[in-house]
Amino acid sequence: MAKTAAWRFRQDRVSARAMTSPSALPPLKAVFLDRDGVLNIDHGYVHDPAQLDWIEGARDAVAAMTQAGLRVLVVTNQSGIGRGYFDEAALDRFHAAMQAQLAEAGGRIDSFYHCPFHETAAVEAYRVADHPDRKPNPGMILRGLAEWGLRAEEAVIIGDRDIDVEAGRRAGMPGYLFEGGDLREFVGAVLGDRVPALK
Ligand SMILES: [Mg+2]
(Lines give C-alpha, C1' and ligand atoms only; values in the text may rest on other atoms or scores of the structure.)
Protein backbone atom coordinates (compact mmCIF):
# COMPACT_ATOMS: atom_id res chain seq x y z
CA MET A 1 0.00 0.00 0.00
CA ALA A 2 2.79 2.41 0.89
CA LYS A 3 4.50 1.48 -2.35
CA THR A 4 1.42 2.36 -4.39
CA ALA A 5 1.08 5.72 -2.68
CA ALA A 6 4.71 6.56 -3.37
CA TRP A 7 4.31 5.60 -7.02
CA ARG A 8 1.22 7.76 -7.36
CA PHE A 9 3.02 10.68 -5.71
CA ARG A 10 5.84 10.42 -8.22
CA GLN A 11 3.41 10.25 -11.13
CA ASP A 12 1.65 13.39 -9.87
CA ARG A 13 4.94 15.20 -9.64
CA VAL A 14 5.94 14.20 -13.15
CA SER A 15 2.59 15.34 -14.55
CA ALA A 16 2.71 18.63 -12.69
CA ARG A 17 6.20 19.30 -13.97
CA ALA A 18 5.30 18.44 -17.55
CA MET A 19 2.38 20.88 -17.44
CA THR A 20 4.44 23.72 -16.00
CA SER A 21 5.08 26.13 -18.85
CA PRO A 22 7.28 29.19 -18.29
CA SER A 23 4.21 31.41 -18.21
CA ALA A 24 2.80 29.35 -15.33
CA LEU A 25 5.80 30.11 -13.16
CA PRO A 26 6.13 33.30 -11.11
CA PRO A 27 8.44 36.00 -12.46
CA LEU A 28 12.09 35.03 -12.24
CA LYS A 29 13.86 37.19 -9.67
CA ALA A 30 17.19 35.51 -9.03
CA VAL A 31 19.79 33.30 -10.65
CA PHE A 32 22.15 31.26 -8.54
CA LEU A 33 25.46 30.63 -10.26
CA ASP A 34 28.16 28.16 -9.46
CA ARG A 35 31.51 29.94 -9.78
CA ASP A 36 34.36 27.74 -11.03
CA GLY A 37 33.59 26.48 -14.52
CA VAL A 38 30.69 28.89 -14.97
CA LEU A 39 32.11 32.38 -14.35
CA ASN A 40 35.83 31.71 -14.26
CA ILE A 41 37.88 28.94 -15.83
CA ASP A 42 38.41 26.22 -13.26
CA HIS A 43 42.19 25.96 -12.93
CA GLY A 44 41.77 24.13 -9.61
CA TYR A 45 41.51 25.93 -6.26
CA VAL A 46 41.61 29.32 -7.96
CA HIS A 47 42.09 32.12 -5.43
CA ASP A 48 44.66 34.58 -6.81
CA PRO A 49 43.23 37.43 -8.94
CA ALA A 50 46.09 36.71 -11.39
CA GLN A 51 44.36 33.34 -12.05
CA LEU A 52 41.04 34.98 -12.92
CA ASP A 53 40.28 33.95 -16.48
CA TRP A 54 36.66 34.52 -17.41
CA ILE A 55 34.54 31.95 -19.17
CA GLU A 56 33.51 33.18 -22.62
CA GLY A 57 30.45 35.41 -22.33
CA ALA A 58 30.39 35.27 -18.52
CA ARG A 59 30.74 38.98 -17.88
CA ASP A 60 28.13 39.76 -20.52
CA ALA A 61 25.81 37.16 -18.99
CA VAL A 62 26.06 38.70 -15.53
CA ALA A 63 25.64 42.20 -16.94
CA ALA A 64 22.53 41.13 -18.86
CA MET A 65 21.01 39.55 -15.74
CA THR A 66 21.85 42.57 -13.58
CA GLN A 67 20.33 44.91 -16.16
CA ALA A 68 17.24 42.69 -16.39
CA GLY A 69 16.71 43.34 -12.67
CA LEU A 70 17.69 39.87 -11.50
CA ARG A 71 19.63 39.11 -8.37
CA VAL A 72 22.80 37.23 -9.24
CA LEU A 73 23.94 35.03 -6.36
CA VAL A 74 27.07 32.90 -6.43
CA VAL A 75 27.15 29.60 -4.51
CA THR A 76 30.58 28.00 -4.52
CA ASN A 77 32.17 25.04 -2.76
CA GLN A 78 35.64 26.20 -1.66
CA SER A 79 37.20 23.26 0.11
CA GLY A 80 40.60 24.81 -0.68
CA ILE A 81 40.08 26.90 2.45
CA GLY A 82 39.46 23.83 4.59
CA ARG A 83 42.39 22.09 2.96
CA GLY A 84 44.61 25.04 3.94
CA TYR A 85 45.49 26.04 0.37
CA PHE A 86 44.27 29.62 0.88
CA ASP A 87 42.27 31.56 3.45
CA GLU A 88 39.07 33.59 3.63
CA ALA A 89 40.97 36.84 3.04
CA ALA A 90 42.35 35.48 -0.24
CA LEU A 91 38.86 34.42 -1.28
CA ASP A 92 37.56 37.92 -0.51
CA ARG A 93 40.32 39.46 -2.64
CA PHE A 94 39.46 37.15 -5.52
CA HIS A 95 35.77 38.02 -5.32
CA ALA A 96 36.59 41.74 -5.11
CA ALA A 97 38.58 41.39 -8.33
CA MET A 98 35.61 39.64 -9.95
CA GLN A 99 33.27 42.44 -8.85
CA ALA A 100 35.58 45.13 -10.18
CA GLN A 101 35.85 43.46 -13.58
CA LEU A 102 32.11 42.79 -13.69
CA ALA A 103 31.37 46.43 -12.86
CA GLU A 104 33.34 47.47 -15.94
CA ALA A 105 30.92 45.36 -17.99
CA GLY A 106 27.83 46.67 -16.15
CA GLY A 107 27.25 43.58 -14.00
CA ARG A 108 27.19 42.77 -10.32
CA ILE A 109 27.17 39.72 -8.07
CA ASP A 110 24.65 40.59 -5.35
CA SER A 111 25.99 38.02 -2.88
CA PHE A 112 28.74 35.44 -2.76
CA TYR A 113 28.13 32.33 -0.66
CA HIS A 114 30.97 29.88 -0.20
CA CYS A 115 31.42 26.61 1.65
CA PRO A 116 34.91 26.07 3.13
CA PHE A 117 33.96 22.78 4.81
CA HIS A 118 35.13 19.35 3.71
CA GLU A 119 35.19 15.99 5.40
CA THR A 120 38.96 15.62 5.04
CA ALA A 121 39.89 19.28 5.64
CA ALA A 122 43.36 19.81 7.05
CA VAL A 123 42.10 22.75 9.08
CA GLU A 124 40.19 21.18 11.96
CA ALA A 125 37.62 23.97 12.21
CA TYR A 126 36.56 23.18 8.64
CA ARG A 127 36.58 19.38 8.94
CA VAL A 128 32.89 18.51 8.70
CA ALA A 129 31.42 15.55 6.86
CA ASP A 130 28.41 16.27 4.65
CA HIS A 131 28.10 19.89 5.76
CA PRO A 132 24.65 21.30 4.96
CA ASP A 133 26.27 24.07 2.92
CA ARG A 134 28.42 21.84 0.75
CA LYS A 135 26.75 21.17 -2.58
CA PRO A 136 24.91 18.97 -3.45
CA ASN A 137 23.38 20.05 -0.13
CA PRO A 138 21.28 23.19 -0.52
CA GLY A 139 22.39 25.23 2.53
CA MET A 140 23.95 28.13 0.63
CA ILE A 141 20.98 28.38 -1.72
CA LEU A 142 18.49 28.33 1.13
CA ARG A 143 20.43 31.11 2.87
CA GLY A 144 20.44 33.16 -0.32
CA LEU A 145 16.68 32.75 -0.71
CA ALA A 146 16.10 33.78 2.90
CA GLU A 147 18.45 36.74 2.84
CA TRP A 148 16.93 38.14 -0.35
CA GLY A 149 13.31 37.33 0.57
CA LEU A 150 12.87 34.98 -2.39
CA ARG A 151 10.83 31.84 -2.97
CA ALA A 152 12.47 28.88 -4.68
CA GLU A 153 10.08 29.16 -7.67
CA GLU A 154 11.42 32.66 -8.28
CA ALA A 155 14.96 31.38 -8.80
CA VAL A 156 17.03 28.92 -10.83
CA ILE A 157 20.59 27.65 -10.62
CA ILE A 158 23.22 27.29 -13.33
CA GLY A 159 26.23 25.08 -12.69
CA ASP A 160 28.76 23.00 -14.55
CA ARG A 161 28.37 19.89 -12.41
CA ASP A 162 25.54 17.60 -11.40
CA ILE A 163 26.00 18.62 -7.76
CA ASP A 164 24.94 22.15 -8.65
CA VAL A 165 21.74 21.01 -10.32
CA GLU A 166 21.11 18.60 -7.45
CA ALA A 167 21.58 21.35 -4.84
CA GLY A 168 19.01 23.42 -6.73
CA ARG A 169 16.62 20.48 -6.85
CA ARG A 170 16.94 20.00 -3.09
CA ALA A 171 16.13 23.71 -2.64
CA GLY A 172 13.11 23.32 -4.95
CA MET A 173 14.24 25.13 -8.09
CA PRO A 174 15.14 24.18 -11.67
CA GLY A 175 18.80 23.69 -12.46
CA TYR A 176 20.62 24.00 -15.77
CA LEU A 177 23.87 22.23 -16.56
CA PHE A 178 26.33 24.48 -18.38
CA GLU A 179 28.74 22.25 -20.26
CA GLY A 180 30.95 24.93 -21.76
CA GLY A 181 30.66 27.42 -24.57
CA ASP A 182 29.40 30.98 -24.28
CA LEU A 183 27.61 31.67 -21.00
CA ARG A 184 25.69 34.65 -22.37
CA GLU A 185 24.22 32.49 -25.14
CA PHE A 186 23.44 29.73 -22.66
CA VAL A 187 21.60 32.12 -20.33
CA GLY A 188 19.55 33.38 -23.26
CA ALA A 189 18.69 29.85 -24.33
CA VAL A 190 17.61 28.53 -20.92
CA LEU A 191 16.07 31.69 -19.40
CA GLY A 192 14.93 33.68 -22.42
CA ASP A 193 11.37 32.33 -22.25
CA ARG A 194 10.96 33.59 -18.68
CA VAL A 195 12.98 36.78 -19.08
CA PRO A 196 12.63 38.09 -22.65
CA ALA A 197 15.36 40.70 -22.01
CA LEU A 198 17.83 37.82 -21.80
CA LYS A 199 17.03 36.38 -25.24
MG1 LIG B 1 31.89 24.36 -10.93
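Start with strand β4, residues 155-159, which pairs with β5 in the parallel sense over three bridges. Within that pairing, I157 stands opposite G175 in β5. Keep in mind throughout that this is a predicted model.

Now the sheet as a whole. It is open and has five strands, in the order β3-β2-β1-β4-β5, with parallel pairing. The edges are taken by β3, residues 111-115, and β5, residues 175-177; each has a single partner strand, so one side of each is left without a neighbour in the sheet. From one strand to the next, the twist averages 20°. As background, strands of a sheet pair through backbone hydrogen bonds, either parallel or antiparallel.

Next, β1, residues 30-33. Four bridges join β1 to strand β2, residues 71-77, and the two run parallel.

Helix α6, residues 162-171, lies across β1, β4 and β5, and runs at about 165° to β4.

Moving on to a pair of helices. Helix α2, residues 58-67, packs with helix α4, residues 88-105, at an angle of about 70°, the axes being 9 Å apart. The two are therefore roughly perpendicular to each other. Their crossing is right-handed. Which residues meet there? From α2 they are R59, D60, V62 and A63, and from α4 they are Q101, L102 and A105. By class, the contact divides into four nonpolar residues, one polar and two charged.

Last, the overall bookkeeping. The protein has seven helices and five strands. From the N terminus on, the elements run α-β-α-β-α-α-β-α-β-α-β-α. Of the 199 residues, 36% count as buried. Taking contacts between residues at least 6 apart in sequence, 66% join residues at least 24 apart.

To go back to where we began: β4 pairs with β5 in the parallel sense, and α6 lies across both of them as well as β1. That is the end of the tour.

Conventions
Residues are numbered from 1 along each chain as its sequence is written. This is a predicted model: local features need pLDDT of at least 70, side-chain atom pairs count only at pLDDT 80 or more; totals for chains, interfaces and linings use all residues. A residue is buried if 20 or more other C-beta atoms lie within 10 Å of its own, exposed if 12 or fewer, and partly exposed in between; C-beta atoms are placed from the backbone. Two residues are in contact if their C-beta atoms, placed from the backbone, lie within 7 Å. Axes are lines fitted to C-alpha atoms, for helices over the stretch in contact, and angles run from 0 to 180 degrees between N-to-C directions. Angles under 35 degrees count as roughly parallel, over 145 as roughly antiparallel, 65 to 115 as roughly perpendicular and the rest as oblique. A crossing is left-handed if the near helix is turned anticlockwise from the far one by less than a right angle, and right-handed if clockwise. Ala, Val, Leu, Ile, Met, Phe, Trp, Tyr, Cys and Pro count as nonpolar, Asp, Glu, Lys and Arg as charged, and the others, Gly among them, as polar. Two strands pair if DSSP finds at least two bridges between them.
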